[in-house]
Amino acid sequence: MKSSRFFAILISFFLTLHLSVTWATANNPSHKGFLECLESHSEPSNPISAVLYTPANSSYSAVLQSYIRNLRFNESVTPKPQLILTALHLSHIQGAITCGKIHGLQMKIRSGGHDYEGASYVSDVPFFILDMFNFRSIDISIENETAWVQAGAILGEVYYRIAEKSNVHGFPAGVCPTVGVGGHFGGGGYGNMMRKYGLSVDNIIDAQIIDVNGRILDRASMGEDLFWAITGGGGSSFGVVLAYKIKLVRVSSTVTVFRVARTYEENLTNIVYSYQQVADKLPEEIFIRMTLDVVDSGVRTGEKTNRATFWTLFLGDSEKLLSLVIETFPDLGLRRSDCIEMSWIESVLFWTNYTAGTPVNVLLSRVPQVLTHLKRKSDYLKTPIPKQGLEFIFKRMIELEPVMLTFNPYGGRMAEIQPSEKPFPHRAGNLAKLQYATNWDEDGVQAAEKYLNLTRELYACMTPFVSKLPREAFFNYRDHDLGINYNGRNSYLDGAVYGIKYFKENFNRLVKIKTKLDPDNFFRNEQSIPLLNLCPLENEFVIGNDLINHMFGDV
Ligand SMILES: Cc1cc2nc3c(=O)[nH]c(=O)nc-3n(C[C@H](O)[C@H](O)[C@H](O)COP(=O)(O)OP(=O)(O)OC[C@H]3O[C@@H](n4cnc5c(N)ncnc54)[C@H](O)[C@@H]3O)c2cc1C
Ligand SMILES: *[C@@H]1O[C@H](CO)[C@@H](O)[C@H](O)[C@H]1NC(C)=O
Ligand SMILES: *[C@@H]1O[C@H](CO)[C@@H](O)[C@H](O)[C@H]1NC(C)=O
Ligand SMILES: *[C@@H]1O[C@H](CO)[C@@H](O)[C@H](O)[C@H]1NC(C)=O
Ligand SMILES: *[C@@H]1O[C@H](CO)[C@@H](O)[C@H](O)[C@H]1NC(C)=O
Ligand SMILES: *[C@@H]1O[C@H](CO)[C@@H](O)[C@H](O)[C@H]1NC(C)=O
Ligand SMILES: *[C@@H]1O[C@H](CO)[C@@H](O)[C@H](O)[C@H]1NC(C)=O
């Protein structure tokens, strides 16, 4: 009974929605008028012309490409911005918001450019880029164990600047040092200290943002709703984040790492099965990431085999790590010689695969070690995959090479934080987050389609083993396969399709905050938080949480 009422209401949603979705494209942007508007809002002491790049500027392409981190969106067919604004001053950002609103031009905010779908520099409607890389100061107080970090800083700079001042402090954030603070913290941010300290957003204590009216706000003046929203719900639906204030965490002066690999012939099924029994239950100082891939078997040419690589960080010494792993995870066959002691900052280099002895100031480089075309997807694992299931996955992975599958274990601190504490909802009850990763070198849409297909096929194979209703996903692993709001339109239902996978029950609170603070939906993109823009009856229905209850409930 309940579901038939639900479907009837769903259908009525679709009918009324299609009548009201064309408004967003009604404003035809005028390039020239937009430029004039920016000039007229420019302060004489901080001229905006110095930071404006149109396709006519000789350095336009270089500026655009300098923060493209997925070569899939570095093609001639990739839609290009009408203008790039490399803001140097707050008035440039305020001007961009004011003129973007007047001219109905979509604004894409880019900090580090690592978005997996290019959401910060690609659009299917006319747009411009507000590039934040000049806003990258880092101000650390070891005395107070805090730091103000601007959005355009990269994680490597944050880690380096902390380590410069203290060898017993660190920050829990991503593994790749060139990822930008703006997108990473806004969307949650996790790394190899997640089991001990939670996500980046669990350690953010203040923020600065420019809102849709050009006001510069901090936590006290923005209020707890907006602060909550931009610590996990993605900054780009709510404003331009200028900076976050973080709480530093303690790390031991000596940490231990290891990386060991096992192939199918080395008892892989049993090892991977055991891994799933222990990885989320180990002491929270241990983080063991497992990546499954396919390699040459080394027996006959062309013959392939499965491999798992275990990357580990332990906040402690090698003696303790070795005895812990031998006791709890004997199948791995860890040896003393696998374990390497180092400082926390050296472990950052180890984890991003720099060779031993690389100087730590390589973390200040804003250019990634490698750039490829890529696709990523995510899943949440709630129960161990049975051995038979593993055998099936291994077989499929050989057929679907080069798709890789990485397990990031949960438990520890992650299981203690309430799902409503931050927009990121995936807490207790998860064994691991999975990432599907496919990299390729060939240019062109044809090649991209082939590798996208392979990635989607492995994702389809995993359906029986992962979370359902909803099939959960990690917002920082942006995946447009989960649904998008086309042409910058604002459909609540389209938004709910991806929004509930990313945010579960928290989606509704994000929608309410969005509707209140940005009622004209200026801050929008393909997967932004939609407005409640339905007819009054439906609004009441949605606000009453019924839709969410139905989506989780009696299906
Ligand atoms: C090589 C690589 C490794 C990664 N490793 C990890 C990892 O270990 N852990 C993890 O959690 N994630 C990881 N990610 C994902 C990463 O966290 C997200 O892609 C993140 O959004 C990137 O932030 P960015 O500033 O570099 O990206 P951008 O592409 O600049 O931005 C991403 C999104 O945030 C918005 N945004 C950016 N800056 C602002 C701002 N100042 N105000 C408002 N909105 C803004 C953009 O508009 C866009 O929607 C990785 C990604 C890559 C490519
Ligand atoms: C780009 O070209 C425009 C128009 O010619 C000019 O006003 C602007 O200063 C140029 N930008 C830069 C950064 O040189
Ligand atoms: C991006 O594309 C441009 C234009 O084709 C090319 O010159 C550049 O080398 C590409 N960038 C990378 C990192 O391959
Ligand atoms: C530490 O915090 C105190 C109290 O808030 C403040 O007065 C002081 O300036 C801070 N120290 C630094 C180095 O920021
Ligand atoms: C393989 O793993 C099983 C179960 O974990 C174990 O009993 C067995 O001894 C292992 N075999 C080898 C050759 O290591
Ligand atoms: C790490 O670097 C080595 C070479 O130094 C390379 O063979 C390997 O593929 C790299 N691994 C990853 C995961 O990037
Ligand atoms: C990708 O998959 C689609 C849908 O299954 C199919 O039509 C298409 O031919 C595939 N493309 C490639 C390049 O494999």
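# Reading a predicted model, feature by feature

Guide: Proline 470 lies in the loop between helix 15 (445–461) and helix 16 (492–503). Helices (H or I, at least four residues) and strands (E, at least two) are DSSP runs, numbered from the N terminus. This is a predicted model, in which local features need pLDDT of at least 70 and side-chain atom pairs count only at pLDDT 80 or more, while totals for chains, interfaces and linings use all residues. Residues are numbered from 1 along each chain as its sequence is written, chains are lettered from A and ligands numbered from 1 in the order in which they are written, and side-chain values use heavy atoms, with hydrogens and water left out.

Visitor: Is the peptide bond from leucine 469 to proline 470 cis or trans?

Guide: Most residues other than glycine have a negative phi, and most peptide bonds are trans. The bond from leucine 469 to proline 470 is cis, with omega near 0°. Another cis peptide bond joins glutamate 401 and proline 402, where omega is about 15°. Proline 402 sits in the loop between helix 13 (387–399) and strand 17 (404–409).

Visitor: Is phi of glutamate 145 positive or negative?

Guide: Phi of glutamate 145 is positive, near 55°, in a residue other than glycine. Glutamate 145 is in the loop between strand 5 (138–141) and strand 6 (146–150).

Visitor: Into which domains is the chain divided?

Guide: Domain bounds come from an automatic or database domain assignment. Here they give domain 1 (31–131), domain 2 (138–250), domain 3 (255–342 + 372–465) and domain 4 (483–552).

Visitor: How many residues do domain 1 and domain 4 bring to their contact?

Guide: Contact means heavy atoms within 4.5 Å. Domain 1 supplies 14 residues and domain 4 eight residues. The two domains bury about 830 Å² between them, 55% of it on carbon and sulfur atoms. Buried area is the accessible area (1.4 Å probe) that two parts lose on being put together, summed over both. In domain 1, Gln106, Met107 and Asp124 lose the most area to domain 4, together 48% of what that side buries.

Visitor: Which side chains meet in a salt bridge at 2.7 Å?

Guide: Side chains of opposite charge can pair when their charged atoms come close. The rule for a salt bridge asks for a side-chain nitrogen of Lys or Arg within 4 Å of a carboxyl oxygen of Asp or Glu. It finds one across the interface of domain 1 and domain 4. Glutamate 526 and lysine 108 meet in a salt bridge with an N to O distance of 2.7 Å. Helix 4 (90–102) and strand 3 (106–110) each supply at least two residues of the side of domain 1 that touches domain 4. The residues of that side divide into seven nonpolar, four polar and three charged. Ala, Val, Leu, Ile, Met, Phe, Trp, Tyr, Cys and Pro count as nonpolar, Asp, Glu, Lys and Arg as charged, and the others, Gly among them, as polar.

Visitor: How many salt bridges does the structure hold?

Guide: The structure holds 34. One of the pairs that meet in a salt bridge is glutamate 117 and arginine 72 (3.3 Å, N to O). This pair links distant parts of the chain, 45 residues apart: glutamate 117 is in the loop between strand 3 and strand 4 (127–131), and arginine 72 is in the loop between helix 3 (60–65) and strand 2 (84–86).

Visitor: What does lysine 165 touch, leaving out residues up to four places away in sequence?

Guide: Lysine 165 touches Ile140 and Ile142 on that count. Lysine 165 belongs to helix 5 (residues 155–165). A polar atom of its side chain lies 3.3 Å from the backbone oxygen of isoleucine 140. A polar contact is a pair of N or O atoms within 3.5 Å; within protein, one must be able to donate a hydrogen and the other to accept it, and residues adjacent in sequence count only if both atoms are side-chain atoms.

Visitor: How many residues surround ligand 1?

Guide: A residue is near a molecule or strand if one of its heavy atoms lies within 4 Å of it. For ligand 1 there are 30 such residues, the closest being Ile109, Ser111, Ser120, His184 and Tyr190. A backbone N or O atom of valine 175 lies 3.0 Å from an oxygen atom of ligand 1, and one of valine 241 lies 2.9 Å from a nitrogen atom of the ligand.

Visitor: Which residues are around ligand 2?

Guide: Ser49, Ala50, Leu52, Tyr53 and Asn57 are around ligand 2. An oxygen atom of ligand 2 is 2.5 Å from an N or O atom in the side chain of asparagine 57.
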